[in-house]
Amino acid sequence: MGREITIFQFRRWLLAYAARIIENESHLTELDTAIGDADHGVNMRRGMEKLQERLQEDAQTEDIGTFLRSVAMTLISAVGGAAGPLYGTFFLRAATSPTNGRSVDLIQLTQMFRYGLDGLQQRGKAQADDKTMIDTIQPAVEAMEAALAARQSAAVVLAAARQAAHLGMKHTIEIEAKKGRASYLGPHSIGHQDPGATSAYFLFETAAEALTTFNSSGNSSERAA
Amino acid sequence: MIGLVIVSHSAKLAQGVYELAAQMAGDQVGISQAGGLADDCEALGTDAQKILSAIEEVWRQDGVLVLMDVGSAVMSAEMALEMLPEERRQKCLLSNAPLVEGAIVAALHAGLGEPLQAVNAAAESALSVPKYCRGQ
Ligand SMILES: Nc1ncnc2c1ncn2[C@@H]1O[C@H](COP(=O)(O)OP(=O)(O)O)[C@@H](O)[C@H]1O
Ligand SMILES: [Mg+2]
């Protein structure tokens, strides 16, 4: 089954995610300016700065469930906008999936993403092709499950997730928004990439980097978003 | 007597609606507000934990009615309800009423000691009362 993924890697993952979002704040703002209210970049940056603080403060957390719950609570109170309750629910629900405490195996990791996705979908009631973050997260989780079923390594499973997330994100350009603020634009939303689908892509991009490297740093990044 | 919670993306809007509603309600009706984010009052947004605290603050055995503004306020309020203990959750209702009219009507009816469902029904029907009759 390969090496287990530890809480240290989870911490590294979310720190990388926070940094990637902050680097991309203006990009996310531009996307939300085209089809929303221009606040997704600011909302996410505010959430990520709080997350960075929180991760510094409770660097002692030893349990993955507790860690994910703390991430969720931080995002709920600091992001605002639709992304706050949505990402909050993703991590809150992920926190309820089974772990080995300080680590997870690949089956558990995949299940954790599945729990998060199901929670997110219950919360926002969006389907695939509604032009939301679901269009990134759902294919990514499905790709993880398929790669897992094919008995692939963690690196392959997470690379498959990243690739599917990337395709899903790009696919939002072609479709019309059915949920969230962008849906007010109807067909005018076509031709623009969804901001939430983009911030969600970074979750998988950084997961592929941080959850598969076992030494202190591993930040080969792909800026394709 | 039930309690009321005003939820808005804006702390200022929540405060304003709170004042309008409080004026209509007697002293017995507990009204609380959850506007903006706990971490940043200036930022526009809703915060499930702040909503949860507002519900706890006005908790009444007869229940609590939550009135919300637009969009993701609903998602945050649903989350807050999920965080409540089961026996409280059953006595907590999210209203479809328009925020301003609904809060005023709800405060009035809550002040009369009406039960949760009745207060909500009155608040939701606030939408069907015309404000202005065109062309007369
Ligand atoms: N019901 C929903 N389900 C899933 N994702 C959603 C939903 N509503 C909005 N989103 C996502 O949230 C993003 C917008 O986030 P943000 O700008 O922070 O919130 P707001 O729309 O409240 O301004 C959208 O690009 C979309 O991906
Ligand atoms: Mg927005």
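The questions below concern a predicted model and the contact between its chains A and B.

Student: How many residues does chain A bring to the contact with chain B?
Tutor: The two sides of the contact are counted separately. Chain B gives 19 residues. From chain A the number is 20 residues.

Student: Which residue of chain A meets Glu82(B) in a salt bridge?
Tutor: The count of salt bridges between chain B and chain A is 3. In the one that involves Glu82(B), the distance from N to O is 2.8 Å. The partner side chain belongs to Arg123(A).

Student: Which element of chain B gives the most residues to the side that touches chain A?
Tutor: Helix 2 (48-57) and helix 3 (73-83) of chain B are the elements that give two or more residues to this side. The residues of the side divide into 8 nonpolar, 6 polar and 5 charged. The element that gives the most, with 6 residues, is helix 3 of chain B.

Student: Is Asn120(B) buried or exposed?
Tutor: Asn120(B) lies in helix 6 (residues 116-125) of chain B. Among the residues that Asn120(B) touches are Leu65(B) and Leu93(B). Its relative accessible area is 7%, and the cut-off is under 20%, so Asn120(B) is buried.

Conventions. Residues numbered from 1 in each chain as written. Chains lettered and ligands numbered in written order. Predicted model: local features only at pLDDT ≥ 70, side-chain atom pairs only at ≥ 80, totals over all residues. Heavy atoms only, no water. Contact = heavy atoms within 4.5 Å. Salt bridge = Lys/Arg side-chain N within 4 Å of Asp/Glu carboxyl O. Helix = DSSP H or I, 4+ residues; strand = E, 2+ residues; numbered from the N terminus. Nonpolar A, V, L, I, M, F, W, Y, C, P; charged D, E, K, R; others polar. Buried < 20%, exposed > 50% of the residue type's maximum accessible area, 1.4 Å probe, protein only. Lists of a residue's contacts leave out its neighbours within four places in sequence.
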